[in-house]
Amino acid sequence: QISLQFHVPSSALSPLLSRSSSRFSFPPGPGPSVGNGVRRDTFSASRESKKVACGAVCGRTFEFVPYGKSYSGSEPSICADGLVKGATLQLTHWSGNETPDEYKADLSTEIAFRWIKLMETDPRNSEKFKNAVVVNNHCDTDGLMSIWALLNPEEALEYENA
């Protein structure tokens, strides 16, 4: 089992991690406070793939693929941050990526926003990735925000400049 600690407002993660199909676990209770409304939580995930469903607006799902493993699903997939072998589309700034040039940026979250904005006008993406599996192999801020944006594109665009 992998245990990672990170400090973020719980409200920022709830849209991603409170889905009923989520197998990610947080300790019960409010957790120890570290000030300014920020909780210190422990994120636990086993080395098996984990899936989280997206809301009604978007048919995408999330699957955690352990570092060094490949995505093996049959559905089209989007690698959000990191590098996951077998992903159909890479939206990442990591070295050695195959992110299309029109989406490239310094952070994967910015790449995800560029892709979301261009998705409607790009026939390569609009239908093919409507119900894609978003994959990632690690847990950090850029990865979590990229995943959340791809699972919640309409809401994410409202907060792009926040």
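1. N137 sits in the loop between β7 (133-136) and α3 (141-151); helices (H or I, at least four residues) and strands (E, at least two) are DSSP runs, numbered from the N terminus. This is a predicted model, in which local features need pLDDT of at least 70 and side-chain atom pairs count only at pLDDT 80 or more, while totals for chains, interfaces and linings use all residues. Residues are numbered from 1 along each chain as its sequence is written, and side-chain values use heavy atoms, with hydrogens and water left out.

2. N137 is buried, at 4% relative accessibility (buried: under 20% relative accessible area; exposed: over 50%; partly exposed: in between; 1.4 Å probe, protein chains only). Its contacts (heavy atoms within 4.5 Å) include F64, Y67 and W94, not counting residues up to four places away in sequence.

3. A polar atom of the N137 side chain lies 2.9 Å from the backbone oxygen of L83. The N137 side chain also makes a polar contact with the side chain of H138, at 2.8 Å (a pair of N or O atoms within 3.5 Å; within protein, one must be able to donate a hydrogen and the other to accept it, and residues adjacent in sequence count only if both atoms are side-chain atoms).

4. The whole structure has two salt bridges (a side-chain nitrogen of Lys or Arg within 4 Å of a carboxyl oxygen of Asp or Glu). One joins E110 and R114, with the closest N and O atoms 3.2 Å apart. These residues are four apart in helix α2 (residues 108-119), so about one helical turn separates them.

5. K117 and E160 form a salt bridge at 2.8 Å, N to O. K117 lies in helix α2 and E160 in the segment after α4 (153-158), so the pair ties together parts 43 residues apart in sequence. K117 is partly exposed at 45% relative accessibility, and E160 is partly exposed at 28%.
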